[in-house]
Amino acid sequence: MLYLSQAIGRPVRDLHGEPIGTVADLIVAIGDRYPPVTGIVVKTNGREIFLQWGSVTSLDAGGATLGTSAIDISKFQQRPNEIRLKQDLMDRQIVDIDGRKVVRVNDLRLDEVEGSLHLVAVDVGPSGLLRRLGIEGPWRTLAHGLHRDVPERYIDWEDVDPVERTIASVKLRVPHKGLAELHPADLATIIDQLSRSDRAGVIAALDDEAAADAIGEMEPETQVDILEDLEPGRAADILEEMDPDEAADLVADLSDESRVEILGLMEKEEAEEVQELMTYGEETAGGIMTTEFVAVPATLTAAQTIDRLRELEPTAETIYYVYVTDVENCLVGVLSLRDLIVAKPNTVISKFMYDEPVAVRTDASQNEVTGVVARYNLLAVPVVDADGHLEGIVTVDDAIDTLLPQPAKRRLPRLFGRSGAAER
Amino acid sequence: MKAPALSLTPRAVNRVRIAAILGVLGPGLVSGFADNDAGGITTYSVAGAKFGYDLLWVLLISQIVLFFTQEVGARLGLATGQGLAGLVRERFGVRWATFMISTMLIANLGSIVAEFAGCGAAVTLLGFQSWIGALIAAVVVVVLLTRGSFKWVQYIFVVVGIAVSIAYFVSAVLAHPNWGLAASSLVIPRLSTLPAYWVAVVATVGTTITPWGQAFIQSYVADKRLGPEDLVGERLDVGFGALLTNLIGAFIVVACAAAVFAVHVQVDTNSPHAVEQIAGALTPLAGAGATVLFAIGLLAASFLGLGVVPLTSAYAACEAFGWETGVDWRMREAPAFYGLMIFFVVFAALFILTVPAGSLVQVMLTAQIVNCLLLPFVLVFVMRLSADKKLMGPLVSGRFLLTIGWLGTALLVVLSLTLVATSFLGF
């Protein structure tokens with residue numbers, strides 16, 4: 001085991017033990033689970049030379065020993081997937097995927113894995129900090145005397161995602177694979193901790209759906225910032241993947257210019273849906289409803305309805321309720337998934353549907369919607385216009401948002417207010 | 001796929017509009033108003049009351065240096081989206097970062113003590129014991145912490161800033177100052193070899209340009225997620241903020257010069273009457289109510305400082321060391337952040353309790369001097385970072401800005417050395 005800070009600045013000796021310089025940096029190839037060390041940067045006579053790892057016979061806290069006496073510096077070139085540990089990672093910010101936060105690298109831990117030296121973990125704990133400050137020893141003695149531990153904290157390299165700026169010196173796109181697997185809410189938390197350009201980098205690496213999910217979890221001001229920083233075409237793609245009700249709220253907050261531009265680039269159908277939703281007041285049932293629900297005619301049988309569900313499921317926000325409409329799209333009944341499954345396949349749904357469905361009007365206040373959802377224990381409540389046409393549904397998660405007082409909603413570590421973003 | 005940095009550029013073209021400029025008006029303005037905290041008001045008052053118009057030239061110079069240092073700070077925030085402490089850690093390593101943070105924390109601790117002293121002095125003017133002031137200050141910090149949002153504090157800053165400036169402006173006009181002398185003093189330095197003179201000079205500079213102000217503007221710009229395309233608006237903002245803060249300072253000096261200095265009141269900053277004497281600057285406006293008006297202004301000014309300095313300090317330290325920052329974490333999740341805040345409050349409160357009420361003005365002045373002495377250590381990092389092409393991209397300091405920046409830093413070093421020379425070596 002070796003910490004990078006223990007090797008940096010130590011002497012490099014050639015085959016005969018003659019000092020030729022000091023260790024300036026190590027180079028690793030990223031991509032593998034634990035990146036192998038592929039080169040060493042030696043500082044000699046005030047300049048840096050790169051050496052292949054193959055020419056190094058040993059490296060420890062005492063320094064490096066080379067297997068040659070003649071240095072061949074001509075062959076080595078830093079490849080695109082290689083990074084310099086000290087220059088690109090030390091003291092930088094990284095994303096701790098497991099802990100879901102952005103932390104700073106105190107030191108890097110190298111270990112022999114299958115006979116060669118690999119980067120295995122990032123030291124983010126107090127012991128690493130003390131080691132870098134050169135006071136780890138005395139501190140430990142002191143702590144020992146007081147019967148205290150010096151906390152150590154490492155993050156396995158596998159759980160690390162370097163933020164974009166960290167390795168800006170290298171022309172390399174960070175895959176952000178680990179990030180993409182996080183829950184959207186956690187991803188949103190992390191993205192919110194990043195600076196603007198890093199954020200753009202993470203969003204760029206995500207697919208449209210993952211980006212849409214993560215953006216959906218963010219605060220309105222952050223959503224607007226991110227969307228306006230994106231290239232309009234990409235912003236349109238991401239909006240199409242979002243729930244229409246969320247997309248509508250977001251689009252409504254955009255600047256006039258961006259709104260026109262981005263809506264113009266969206267698929268016609270999706271853009272119209274969003275625009276329609278935007279016409280409702282933000283604090284009304286129409287403003288928080290989604291248009292992605294399942295509605296079927298009363299003449300279908302239970303089996304046909306289930307088939308229809310299979311077709312529609314990918315876009316519908318909830319399938320626990322199936323709404324039944326007449327030819328004029330008026331709401332005439334509702335079925336639960338349970339009703340459908342227990343019914344005989346050939347029964348026409350009008351026979352067993354609940355034909356006095358609870359619904360709210362598009363102009364009903366948010367509180368009213370929440371009240372209805374709570375009173376009837378619904379997972380979603382249908383929204384109808386003045387003539388009884390089914391316009392959308394409000395799902396329980398959107399309904400209870402209004403119950404949360406503002407400060408209790410996700411608030412991220414931030415010192416300063418974000419009023420500027422909203423005013424802009 | 002596009003490189004992430006490039007995705008920022010499409011907006012750059014159409015962003016320089018009035019609305020965009022108004023949108024970024026903020027960080028510099030807030031920072032400027034926050035400069036006139038308890039230490040600021042007291043220092044300007046003492047400068048005017050003890051030396052009349054003589055120190056106005058210092059205000060002009062510190063205004064220029066303030067503009068350029070704040071401009072660099074804002075530019076660093078715009079270009080990197082990071083705070084100062086984080087950048088120093090990345091660019092110069094953990095040891096230099098620790099050095100800078102320690103320097104800054106000492107200076108900031110001084111400022112926090114000054115805010116507590118301001119509260120103490122204000123309540124003694126109103127006839128209470130000074131410990132009540134310390135208690136009020138501690139409560140304010142706790143309230144700000146639990147409220148978390150900085151948004152509403154901004155508006156308070158601006159309102160208090162404007163109210164204070166109007167009060168002093170009116171009072172200055174009513175006192176019939178020698179406007180001609182004031183104007184000439186602004187551009188013609190009247191030097192002196194008196195140690196007290198240089199103490200006042202250094203304190204005046206130290207209260208205007210501060211280590212925390214440097215960290216504050218950069219973090220604020222970064223946290224507002226402003227980017228390179230906001231450069232023009234941000235420069236206007238910073239310029240406006242620097243102008244306003246010094247205009248207020250100038251009116252305080254003029255009011256004190258006309259209403260206190262001109263009537264031959266000898267202000268001794270170590271006497272219990274010092275606060276009452278400098279409050280006299282508001283007599284032309286408020287008559288017998290001047291003391292109360294000054295006390296209220298001083299209290300509000302202390303709150304301004306308490307709203308930013310402790311948070312900015314804890315924020316900077318945690319940023320550099322990668323600890324959880326911010327009031328949205330619970331105590332157990334962010335022990336360093338809360339630990340620092342608690343340390344600041346407890347230290348400042350205990351300090352004020354041990355200081356006799358008569359020395360509160362001296363405590364505030366000393367804190368500003370400490371700020372000025374430590375400032376160059378912070379500015380050296382700022383200037384070096386701003387010259388880093390790789391870090392700053394197109395926003396890198398050109399030769400002109402860099403020259404001015406280093407000249408300003410050098411000037412501060414010279415000032416500090418002069419103070420040391422006159423005070424301790426007796427030249």
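Accessible areas were computed with the Shrake-Rupley method and a 1.4 Å probe; for residues, only the protein chains shown count as cover. By this method, the accessible surface of chain A comes to about 19,800 Å². Carbon and sulfur atoms hold 49% of that area. Chain B exposes about 15,700 Å², with 74% supplied by carbon and sulfur atoms.

The model is predicted: local features need pLDDT of at least 70, side-chain atom pairs count only at pLDDT 80 or more, and totals for chains, interfaces and linings use all residues. Residues are numbered from 1 along each chain as its sequence is written, chains are lettered from A and ligands numbered from 1 in the order in which they are written, and side-chain values use heavy atoms, with hydrogens and water left out.

Helices (H or I, at least four residues) and strands (E, at least two) are DSSP runs, numbered from the N terminus. Chain A has 20 helices and 20 strands. Chain B has 19 helices and zero strands. Burial was assigned from relative accessible area (buried under 20%, exposed over 50%, partly exposed in between; 1.4 Å probe, protein chains only). Of the 424 residues in chain A, 51% are buried. In chain B, 62% of the 427 residues are buried. Contacts (heavy atoms within 4.5 Å) were also sorted by sequence separation. In chain A, 58% of the contacts with a separation of 6 or more join residues 24 or more positions apart. For chain B, 82% of contacts between residues at least 6 apart join residues at least 24 apart.

Nonpolar cores were then traced (buried Ala, Val, Leu, Ile, Met, Phe, Trp, Tyr and Cys residues joined through side-chain atoms within 4.5 Å). The largest holds 144 residues. Its members that touch the most others are B:Met100, B:Ile101, B:Phe116, B:Tyr168 and B:Phe294. Helix H6 of chain B (residues 84–125) is the top contributor to this core, giving 21 residues. Beyond its neighbours within four places in sequence, B:Met100 contacts B:Leu84, B:Ala85, B:Val88, B:Val378 and B:Phe381. A second, separate core has 62 residues, among them A:Val202, A:Met242, A:Ala248 and A:Tyr280.

Helix H10 of chain A (residues 232–241) is largely enclosed by the rest of the structure, because seven of its ten residues are buried. These are A:Pro232, A:Arg234, A:Ala235, A:Ala236, A:Ile238, A:Leu239 and A:Glu240.

Sheets were assembled from paired strands (at least two DSSP bridges between them). One open sheet of chain A has three strands in the order S18-S19-S20, with mixed pairing. Strand S18 (360–361) and strand S20 (390–395) each have a single partner strand, so one side of each lacks a neighbour in the sheet. S18(A) pairs with strand S19 (residues 380–384) in the parallel sense over two bridges. A:Arg361 stands opposite A:Val384 in S19(A). Helix H18 of chain A (residues 366–376) lies across S18, S19 and S20. H18 runs at about 135° to S19(A) (axes are lines fitted to C-alpha atoms, for helices over the stretch in contact; angles run from 0 to 180 degrees between N-to-C directions).

Another open sheet of chain A has three strands in the order S10-S9-S14, and its pairing is antiparallel. Strand S10 (101–104) and strand S14 (160–162) are the edge strands. Neighbouring strands of this sheet are turned by 40° against each other on average, direction ignored. Strand S9 (residues 93–96) and S14(A) pair over three bridges. A:Val95 stands opposite A:Asp161 in S14(A).
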